[in-house]
Amino acid sequence: MTLVAVTRSLAVGAVVLGGIVAGFSVNRLLVELPAWVNLGPEQWASFTRHADLGKGLVVYPLEGLAALVCSVGAAVLAHFDRSDESAFLPLHLAGVGALLAFFVTRFLIAPEVLTLRGDSPNPSSIQNAFAAVRSWWQLKAGLHTITFACNVWGLMTLMSH
Amino acid sequence: MDGLKFLLAAATIVDGLLAGASLDQSVEQLPARHRIGVRAYHAYTQASHMANGRFWLIPLGIVGPILRVAASFWVYRLGLAEDAVLSVGMAAVLAVGHLLLTLRAGSINWALTPWQPPERQIKDELELAKIFQSFERWQAVRASVQLLTFVAGVWALVALMQ
């Protein structure tokens with residue numbers, strides 16, 4: 001497999017995996033989190049313990065990391081495989097967007113969600129965790145969407161040369 | 001030709017957002033009802049998918065197939081390479097397929113909507129569990145077809161750009 005083929009494969013992977021991550025993130029921002037405002041943070045905490053901290057604890061980090069590796073990998077390899085320079089801008093934007101989204105998830109959202117793991121977290125800590133997750137999720141969803149759009153643009157540019 | 005590329009890029013973005021939302025529902029949300037209970041899950045779906053969800057997921061589910069069908073007509077009329085026609089056509093067929101599956105899944109879920117008259121509101125846990133189980137099966141098929149549509153759409157984009 002040539003370096004060009006590896007770059008293109010990573011770009012395809014970044015679009016497919018990044019699209020799924022963006023779709024999940026935007027859906028959570030627009031559909032799920034507003035529902036928990038109505039139902040109450042304690043219901044959110046209960047659901048999160050069973051969903052995000054259940055199967056989600058494995059599925060989402062794996063999916064997110066794979067998307068990150070593909071985005072950053074395509075951006076880096078494009079420099080070495082003589083890809084057209086017009087592909088650099090979208091691929092770099094996507095790589096930076098994916099890295100920022102990872103930092104927001106890992107260092108701002110995940111610690112808040114993980115505080116729910118205990119048997120009976122107190123109501124004020126649940127309230128604080130919910131407010132922080134809601135707030136940071138806007139940035140996360142925005143970054144994943146920008147990354148996804150840039151990866152689509154980058155793939156189109158890569159394939160046209 | 002540039003218009004067609006833009007159309008396919010837009011369809012890819014719409015399909016990706018839809019596939020991600022749908023997979024989340026099948027992989028994480030629906031199974032959570034076994035642990036939080038069907039009544040709590042029912043309240044959650046009424047406050048999420050049947051509230052804000054209808055303004056986000058329904059438009060995505062309709063716009064995606066429209067873009068895919070429009071793109072397939074366009075490609076056919078341009079007389080492009082077989083690979084491009086096949087991939088764009090396959091994405092369109094799959095998109096129409098998930099639209100039909102949405103109609104089926106939606107008809108099952110309709111009984112659980114908050115717009116039902118009081119005498120038809122379902123409160124019985126066994127009845128709720130049965131409806132969610134049936135919905136889950138159709139939702140799994142729908143999510144798979146939506147994912148395949150997205151993947152076929154990416155293939156179509158690659159085939160057209162080469």
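This is a predicted model: local features need pLDDT of at least 70, side-chain atom pairs count only at pLDDT 80 or more; totals for chains, interfaces and linings use all residues.
Student: Where do I start? Which secondary structure elements does chain A have, and in what order?

Tutor: Start with the element count. Chain A has five helices and zero strands. From the N terminus on, the pattern is α-α-α-α-α. Chain B has four helices, again with zero strands. Along its sequence, chain B reads α-α-α-α.

Student: Now the core. How many residues does the largest nonpolar core have, and which have the most contacts inside it?

Tutor: The largest nonpolar core has 91 residues. Ala14(A) and Leu157(B) have the most contacts inside it. Helix α1 of chain A, residues 3-39, gives the most to this core, with 16 residues.

Student: What does Ala14(A) touch, beyond residues up to four places away in sequence?

Tutor: Ala14(A) touches Ala67(A), Cys70(A), Ser71(A), Ala74(A), Ala94(A) and Asn151(A).

Student: Which residues of helix α2 in chain A are buried?

Tutor: First, the general idea. An α-helix has 3.6 residues a turn, so residues three or four places apart point the same way. Now the case here. Helix α2 of chain A spans residues 41-50. Its buried residues are Pro41(A), Trp44(A), Ala45(A), Phe47(A) and Thr48(A).

Student: What do those buried residues pack against?

Tutor: Elements of both chains. In chain A, the buried residues of α2(A) pack against α1, α4 (88-114) and α5 (123-159). In chain B, they pack against α1 and α2.

Student: How do I read a pair of packed helices?

Tutor: Two packed helices are described by the angle between their axes and the distance between the axes. Take α4(A) and α5(A). Their axes come within 8 Å and cross at roughly 160°. Angles over 145 degrees count as roughly antiparallel. So α4(A) and α5(A) are roughly antiparallel to each other. The crossing is left-handed. Their contact divides into 21 nonpolar, seven polar and two charged residues.

Student: Now across the chains. At what angle do α1(A) and α1(B) pack, and how far apart are their axes?

Tutor: The angle is about 70°, with the axes 6 Å apart. That makes α1(A) roughly perpendicular to α1(B). The crossing of α1(A) and α1(B) is right-handed.

Student: Which residues meet there?

Tutor: From α1(A), they include Gly19(A), Ile20(A), Gly23(A) and Phe24(A). From α1(B), they include Gly16(B), Leu17(B), Gly20(B) and Ala21(B). By class, the contact of α1(A) with α1(B) has ten nonpolar, five polar and one charged.

Student: How many residues are in contact between the two chains as a whole?

Tutor: The size of an interface is often given as the accessible area lost when the parts come together. Here we have residue counts. 36 residues of chain B are in contact with 33 residues of chain A. On the chain B side, α1 (2-36), α2 (38-78) and α4 (125-161) each give two or more residues. α1(B) gives the most, with 19 residues. That side of chain B has 23 nonpolar, nine polar and four charged residues.

Student: How far apart are the C-alpha atoms of Val85(B) and Glu136(B)?

Tutor: They are separated by 34 Å. Along the chain, the two residues are 51 residues apart.

Terms used:
Residues are numbered from 1 along each chain as its sequence is written. Chains are lettered from A and ligands numbered from 1 in the order in which they are written. Two residues are in contact if their C-beta atoms, placed from the backbone, lie within 7 Å. Ala, Val, Leu, Ile, Met, Phe, Trp, Tyr, Cys and Pro count as nonpolar, Asp, Glu, Lys and Arg as charged, and the others, Gly among them, as polar. A nonpolar core is a set of buried Ala, Val, Leu, Ile, Met, Phe, Trp, Tyr and Cys residues joined through C-beta atoms within 7 Å. A residue is buried if 20 or more other C-beta atoms lie within 10 Å of its own, exposed if 12 or fewer, and partly exposed in between; C-beta atoms are placed from the backbone. Axes are lines fitted to C-alpha atoms, for helices over the stretch in contact, and angles run from 0 to 180 degrees between N-to-C directions. Angles under 35 degrees count as roughly parallel, over 145 as roughly antiparallel, 65 to 115 as roughly perpendicular and the rest as oblique. A crossing is left-handed if the near helix is turned anticlockwise from the far one by less than a right angle, and right-handed if clockwise.
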